[in-house]
Amino acid sequence: MSEDLAGKVVLITGASRGIGRATALACAHAGAVVVLHARARTHLEDVSEQVLGIGGKSLVVTFDLSFPEGIATAYESIFRVLGRLDGCVNNAGMMTSGLLGMISAKSIQETLGCNLQGTILSMQYAARLMRRRKQGSIVNLSSIMGTRGAPGLVAYAASKAGVVGATLAAAKELAPEGIRVNAVAPGFIETDMTRALSAEQRAQSLSQIRMGRAGRAEEVAQAALFLLSDRASYISGQVLGVDGLMCV
Ligand SMILES: NC(=O)c1ccc[n+]([C@@H]2O[C@H](COP(=O)([O-])OP(=O)(O)OC[C@H]3O[C@@H](n4cnc5c(N)ncnc54)[C@H](OP(=O)(O)O)[C@@H]3O)[C@@H](O)[C@H]2O)c1
């Protein structure tokens, strides 16, 4: 176990699987008390046990990012139970596909509601807790799609571009309060999200990666861990690509 996050409390949204799970475990290894989030408590049983197994402590919170009231209630319980928040990884997200000519208003709303509005609200509540101690680090999950786009991903790419804009603006607002805000922009990472792609889409994505392979969730987790830690104490308002040099 390293000491990078010893004594800190870190919330990781979407900690039930993929990048969020790997980040939660990396934070627990680094000594943080981790607040694990997913839509249902049952989704987090395994990861809570794994945290316990490495000698860590966790608190579970549940909410659907599309419903703002749930986010507020979860942050209240973090304050009530743990009394502080030092780090927040806004990782939970969904990918919707649909060509511009076909995409429905409902699908656009769902994608922006979850990926963008949910991230902004989570940053808002996180900042309220962090400013009490005049310190904190927020890491938002964007995507290479947020700056490069791809056919069929209009709503998803827009939501992830929005996350970049929100990160940069919040970083400027919160810097005087000692709170750093950065984003991580993964390329193609092996998780349930990319496993849902067709063989053709997968081959197309892999062919664009100069390092010749998909990324692992743990590799993204290490980037988030660095940005959360005091090793990144002078870094804010940055978007860190973790994409094996993917040229989309
Ligand atoms: N995988 C990639 O190649 C890739 C590339 C670029 C960016 N990203 C971004 O990285 C993040 C994690 O991706 P991943 O691949 O690890 O995804 P994943 O394996 O599909 O996991 C998604 C996580 O988000 C949670 N979630 C989904 N919809 C939610 C909602 N409406 N409210 C609350 N929680 C919700 C899920 O929780 P439940 O257990 O409740 O379902 C789950 O924990 C996402 O923001 C994604 O856009 C991923």
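1. Met 130 counts as buried because its relative accessibility is 0% (buried means under 20% relative accessible area, exposed over 50%, partly exposed in between, with a 1.4 Å probe and protein chains only). Met 130 is in helix α4; helices (H or I, at least four residues) and strands (E, at least two) are DSSP runs numbered from the N terminus.

2. On the basis of the model: this is a predicted model, in which local features need pLDDT of at least 70 and side-chain atom pairs count only at pLDDT 80 or more, while totals for chains, interfaces and linings use all residues. Residues are numbered from 1 along each chain as its sequence is written, and side-chain values use heavy atoms, with hydrogens and water left out.

3. Which residues does Met 130 contact, leaving aside its neighbours within four places in sequence? They are Leu 85, Asp 86, Gly 87, Cys 88, Gln 135, Gly 136, Ser 137, Ile 138 and Ile 179, where contact means heavy atoms within 4.5 Å. Gly 162 is 32 residues from Met 130 along the chain, and the C-alpha atoms of these two residues are separated by 23 Å.

4. Lys 134 belongs to the loop between α4 and β5 (136-141). The phi of Lys 134 is near 60°, a positive value in a residue other than glycine. With a relative accessible area of 53%, Lys 134 is exposed.

5. Leu 245 also deserves a look. The residue is not a glycine, yet its phi is positive, at about 60°. Leu 245 sits in the segment after β7 (239-242) and is exposed, with a relative accessible area of 54%.

6. Ser 205 is placed in helix α8 (residues 199-207). Its relative accessibility is 13%, so Ser 205 counts as buried. Apart from neighbours within four places in sequence, Ser 205 is in contact with Phe 188 and Met 246.

7. The structure holds 1 aromatic pair. Tyr 75 and Tyr 125 form this pair, which is stacked, at 5.6 Å centre to centre and 25° between the planes. (Rings of Phe, Tyr and Trp, the last by its six-membered ring, pair if their centres lie within 6.5 Å; planes under 30 degrees apart count as stacked, over 60 as edge-to-face and the rest as tilted.) What does the pair tie together? Tyr 75 lies in helix α3 (residues 68-82) and Tyr 125 in helix α4 (residues 105-130), so the pair links parts that are 50 residues apart in sequence. Tyr 75 counts as buried, at 4% relative accessibility.

8. On the overall fold, the protein chain has 9 helices and 7 strands. Its C-alpha trace spans about 45 × 40 × 35 Å along the principal axes. A compact globule of 248 residues would have a radius of gyration near 18 Å, and the 17 Å of the protein chain agrees; the radius is taken over C-alpha atoms, and the globule rule is 2.2 Å times the number of residues to the power 0.38.

9. How much of the chain is buried? Of the 248 residues, 50% count as buried. Among contacts between residues at least 6 apart in sequence, 73% join residues at least 24 apart.

10. The protein chain exposes about 11600 Å², and carbon and sulfur atoms supply 55% of this area (Shrake-Rupley method, 1.4 Å probe; for residues, only the protein chains shown count as cover). The mean positions of its 24 positive and 19 negative charges are 4 Å apart. Lys and Arg count as positive and Asp and Glu as negative, without His and the chain ends; each charge is placed at NZ of Lys, CZ of Arg, CG of Asp or CD of Glu.
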